[in-house]
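Trainee: Please give me a close look at the packing inside this protein. Take one part at a time and spell out the cut-offs behind each term.

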Amino acid sequence: MPRQEVPRASLPPHGRGFAAAAGGDGAALDAGDSELVVVSFYRFADFPDHAELRRPLKELCEELRVSGGIILAPEGINGSICGTPEAVEKVLNFIQSDDRLKGLRMIQSPVTPEDEAIHHGHTSQSPVGAGEDAPFRWDHVRVKLKKEIVALGDPGVMPTKTVGKYVKPKDWNALISDPDTVVIDVRNMYEIRIGKFKRAVDPCTNSFREFPSWVDDQFQLAESDSQPCSENNDNTIGGQSEDLNSSKPKELPRVAMYCTGGIRCEKASSFLLSKGFKEVYHLEGGILKYLEEIPKAESLWEGECFVFDKRVSVEHGLAQGTHKLCYGCKKPVSDEDMESPEWEYGVSCPYCFATKSEEEKERARARQRQFETWGVIGGPDKGRSPKRLEANHIAEEPKQVSSSV
């Protein structure tokens, strides 16, 4: 589809999520004390020619020195980028110049000094910023082509066709306090472990791809043998244990779902509607918008919210939380976890210690030594073969000599 010129779209103030239609009125950008902004965004769309956007989008980000990661798929776009306010707005306007991608759902997050340093290329402050397997690397931009912008594994689920009802944070408490509402956290176990809403059911998934099977087991198979997860999952309503597999006549309940920023529960709501659920609701803007807008005294949120950046977790008001990241498994750990004998910085924690072989742990120790010695993982060559670098250097020498003659 040909791209059109669109008016400048304003970014939300930091921490605020909103649906931004190109050319629509938006809140003024608040960059705080930093000259950079971090904006996460997504949009489900019918986008079969998504691959054509990859090169021009990547080139624009590189030209404007915008870093981060963007996923393009037939079902839309999903990304998180960092740069100056002007540069980020240009990238978002370019994306929304395609009519199908107008109305990006966006949230601006605070920029930490670490994010800022990593964006500018100074990766010595954190091994997360230097490793290829890091959740986010702000030293360059990645634009990837995938089958889905959020992997559920069911190509028949199409949020562009049908989706649940959005619920504003101010209306969320009333909905999930209703005993006839089943509240489902569609995040993964390691995220739910550090925080969730009261009465929320934990599907005990290790990845979003496991969610459809959990739904089939819990709601559609009367003689299901599945057992509720015991870890951080009381599943209580009015003090009584919730039994989704009871022998009563099967009636699909009213469901309210939530996730970090809204993308997973938007897709999950489409999946539940395809399975015959009639009343499906999801929290608009996710946990992040709720924590920002709802005062702590009125909140039904318990704990902290895991986020996929250097903050690791946030609390009410989007203040940085207390959790750190295990670089061995990329999962959050508390101060108590770090007192365990299974905790080894950069190597393992109580949640991954038993699953890692000694060979894997030794490789992690080697990476940690490289970081402590050189400030980057892989040493001064950043993991590239020294022999190959030397060969390239030798091959370039004659060119340099001839050009100087």
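Mentor: Start with the largest nonpolar core, which has 27 residues. A nonpolar core here is a set of buried Ala, Val, Leu, Ile, Met, Phe, Trp, Tyr and Cys residues joined through side-chain atoms within 4.5 Å. Buried means under 20% relative accessible area, exposed means over 50%, and partly exposed is in between, using a 1.4 Å probe and protein chains only. The members that touch the most others are Ile-184, Val-186, Phe-211, Val-215, Met-257 and Leu-272. At least two core residues come from each of β2 (37-44), β3 (67-73), β8 (181-185), α6 (211-220), β12 (254-258) and α7 (263-274). These labels are DSSP runs numbered from the N terminus, with helices being H or I of at least four residues and strands E of at least two. The biggest contribution is from α7, with five residues. Both domain 1 (37-121 + 134-145) and domain 2 (152-220 + 251-322) give residues to this core, so it lies between them; the domain bounds come from an automatic or database domain assignment. Another core, of 25 residues, lies apart from this one and includes Val-37, Ala-45, Cys-61 and Leu-72. In soluble globular proteins, nonpolar side chains tend to be buried together.

A note on the source: this is a predicted model, in which local features need pLDDT of at least 70 and side-chain atom pairs count only at pLDDT 80 or more, while totals for chains, interfaces and linings use all residues. Residues are numbered from 1 along each chain as its sequence is written, and side-chain values use heavy atoms, with hydrogens and water left out.

Next, the helices. In α2 (residues 85-95), eight of the eleven residues are buried, among them Pro-85, Val-88, Leu-92 and Ile-95. Glu-89 and Asn-93 are also on the buried list of α2. The buried residues of this helix pack against β2, α1 (51-63), β4 (76-83) and β5 (104-109), where contact means heavy atoms within 4.5 Å. By comparison, Glu-62, which sits in α1, is partly exposed, at 46% relative accessible area.

In α4, the buried residues are Pro-169, Trp-172, Asn-173, Leu-175 and Ile-176. Their cover includes β7 (165-167), β8, β9 (195-197), β12, β13 (280-283) and α8. The axes of α4 (residues 169-177) and α8 (residues 286-293) come within 9 Å and cross at roughly 105°. Axes are lines fitted to C-alpha atoms, for helices over the stretch in contact, and angles run from 0 to 180 degrees between N-to-C directions. The two helices are therefore roughly perpendicular, a term for angles of 65 to 115 degrees; under 35 counts as roughly parallel, over 145 as roughly antiparallel and the rest as oblique. On the α4 side, Pro-169, Trp-172 and Asn-173 meet Lys-289, Tyr-290 and Glu-293 of α8.

Two loop residues remain. Arg-199 is not a glycine but has a positive phi of about 75°; it is in the loop between β9 and α6 and is buried, at 15% relative accessible area. Leu-318, also not a glycine, has a positive phi of about 60°. Leu-318 lies between β16 (313-314) and β17 (324-326), and at 10% relative accessibility it counts as buried.
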